Amino acid sequence: MAKPSVTQVDVRPESRVAGLKELFMRFAPAAAALSLFLATTASVISAADKVPDPRAASLIAQGQAALATGDTQGAIDAYEAALAVDPGYTPIFLELAEVARQEGLQGKAIKYYREALARDPGNFAAISGEGAALVEKGALEKAKRNLARLQSLCGDACPETLSLATTIEAGPSTRFAVESADAPTAN
């Protein structure tokens, strides 16, 4: 009768480290790819359109109603209150920028558009609005850069692209805040 062969297991620390190293080298690329996929998926999901706080949504509606009646200061107050309630809701900055443009405060509008773009770099409305405010301010070359950016992101048929292209073609027709506050009357 033959004796069964007994396999000896190498229990030296060097071989154990070599085994762990081989295991790591074998599965590390797959683990790295999986973690990259999960991180990308998580960032895309968190970047989805955020629903505003109900109180902020109510204040936004109040601001839009005030703006429709011509009460720009009431609209600004409502939008700023909405921003205080829900500072993470980017469209509030777009609303504030539009009111600032109507008031002739293009610099302030550009600041609001840039804040919206810092939060959401691919926001077509913010890129287009900033470009329009730049045209109103007289910075046509910068506005053309915004137009080129829009064309590369959403194409020539995109409504924001068409709107900015039309604004650039029309050229600057600036109305400053000083002019709107004390407009002289004709005799």
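Predicted model: local features only at pLDDT ≥ 70, side-chain atom pairs only at ≥ 80, totals over all residues.
Which residues of H2 are buried? They are Ala 56, Leu 59, Ile 60, Gly 63 and Ala 66. Looking down the axis of H2, these buried residues fall within an arc of 120 degrees, so they line one face of the helix. Over on the other side of H2, Pro 54 and Ala 68 are exposed.

What do the buried residues of H2 pack against? Their partners are helix H3 (72-85) and helix H4 (91-102). Just after H2 comes Gly 70, and this glycine takes a positive phi of about 95 degrees.

Now for H3 and H4 themselves. Their axes come within 10 Å and cross at roughly 160 degrees. Angles over 145 degrees count as roughly antiparallel, and H3 and H4 are therefore roughly antiparallel to each other. As for handedness, the crossing of H3 and H4 is left-handed. On the H3 side, the contact is made by Thr 72, Ala 75, Ile 76, Tyr 79, Glu 80, Ala 82 and Leu 83. H4 brings Ile 92, Phe 93, Glu 95, Leu 96, Val 99 and Gln 102 to the contact.

Put together, H2 has its buried residues along one face, and those residues pack against H3 and H4, two helices that run roughly antiparallel to each other.

Conventions: Residues numbered from 1 in each chain as written. Heavy atoms only, no water. Buried < 20%, exposed > 50% of the residue type's maximum accessible area, 1.4 Å probe, protein only. Helix = DSSP H or I, 4+ residues; strand = E, 2+ residues; numbered from the N terminus. Arc of directions from axis to C-beta. Contact = heavy atoms within 4.5 Å. Axes fitted to C-alpha atoms, helices over the stretch in contact; angles between N-to-C directions. Parallel < 35°, antiparallel > 145°, perpendicular 65-115°, else oblique. Left-handed = near helix turned anticlockwise from the far one by under 90°.
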